[in-house]
Amino acid sequence: MAPMLASSGPAPTGSGWSWEAKWDGQRGVARIADTEVLLLSRSLSPITSTYPEIVAALRTATGGRAVVVDGEIVALDGGRPSFARLQRRMHTPRPRRPLLAEVPAALYVFDLLEVDGQDTAPLTYLERRQLLGEVVTSAGAVQVTPYWPGADPAAMVAMAAEFGLEGVVAKRSSSVYRRGLRSPSWVKVPLRASAEVIVCGWTGSPTTMRSLLLGALSPSGELVYLGDVGTGFTQRQRREAAVMLTEITAADHPFTAGTIPDRTGGAHLRWVTPILVGTIEYREFHRRVRHPSWKGFRNDKTPGEVVWPELDAL
């Protein structure tokens, strides 16, 4: 059930590509057999109890057939997917009714990996998408996403911008599903630069976080300082982050020699063990991220996956 991963890049041109919207959420792969449902994150951690409304909808949407589907778990805010809003659900393993009502989640399904015991991964993308539409019915918290074979790249990017989406994904129409691999057959085209980062330290008071110190791995394995982020948090998130970060306090910075930030001391600076991963949006990167904004912590990715290829050029 390891999901296929997309590469980042400019919108591909030429024939043979199909297009989908890029949903701002948490990857989810689900296996449905009879009335049993198993929902896993991108890292294959079980999240079935986190999204009971999706589990219930999957039983209805698949009509009793045994299937494995791939998709994105989203929470809407004003009709648009909001990763910040989804954070409250991602970190609540057993949500209570008030939270379920306040922040409903849905699985936006975009691929079919198995049906009735048959492996569909060797089929082409277009064949899988057609079969997905025949096997899974949109029902409440499960929605089969639209796709556009042969669409104009510029028109797709413009559509994503108009509706406030994170971006688009181009998928080669003839491609097979390659489980657990990052493939150039899928290309994600974000409208804004975004990336995963490793939390390495923080500033603030013992009860309220002010900013996070960020890092990422270079391809050669060095942990490199990327800069700080202090925007994109609510006051509640700042208080919760202070509690979480205090629990993993470290005596010294975790960065590789030669990549230590200028700010290595100060009464309000605290280092942590680099085990937490989050997502930021930023305007550009030149030794440091510029104008970063925090989007949220991720429990579906590990620090070892946070590799920035551009860091080897520094």
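Which strands does helix α5 lie across, and at about what angle to β12 does the helix run? The legends below describe close-up views of a predicted model.

**View A. Helix α5 on the strands of the sheet.** Helix α5, comprising residues 153–162, lies across β2, β11 and β12. Relative to β12, helix α5 runs at about 145 degrees.

View B. The strands follow the order β1-β13-β12-β2-β11, with mixed pairing. The edge positions are held by β1 (5–8) and β11 (148–149), each of which pairs on one side only. Helix α4 (residues 125–135) packs on this sheet and touches β2, β11, β12 (167–172) and β13 (182–190). The direction of helix α4 makes about 55 degrees with that of β2.

View C. Two antiparallel bridges connect β2 (residues 17–22) with β11. S18 has P149 of β11 as its bridge partner.

View D. Strand β8 (residues 106–115) is largely enclosed by the rest of the structure, because nine of its 10 residues are buried. Strand β5 (residues 67–74) runs antiparallel to β8 and is joined to it by eight bridges; E72 stands opposite Y108 in β8. With β10 (residues 142–144), β8 pairs in the parallel sense over three bridges, and V144 in β10 is the bridge partner of V109.

**View E. The hairpin of β8 and β9.** Strands β8 and β9 form a hairpin with two residues between them. In the turn, D116 has a positive phi of about 50 degrees. Two bridges join β8 to β9 (residues 118–119) in an antiparallel arrangement, and E114 stands opposite D119 in β9.

Notes. Residues are numbered from 1 along each chain as its sequence is written. This is a predicted model: local features need pLDDT of at least 70, side-chain atom pairs count only at pLDDT 80 or more; totals for chains, interfaces and linings use all residues. Side-chain values use heavy atoms; hydrogens and water are left out. Two strands pair if DSSP finds at least two bridges between them. Helices (H or I, at least four residues) and strands (E, at least two) are DSSP runs, numbered from the N terminus. Contact means heavy atoms within 4.5 Å. Axes are lines fitted to C-alpha atoms, for helices over the stretch in contact, and angles run from 0 to 180 degrees between N-to-C directions. Buried means under 20% relative accessible area, exposed over 50%, partly exposed in between (1.4 Å probe, protein chains only).
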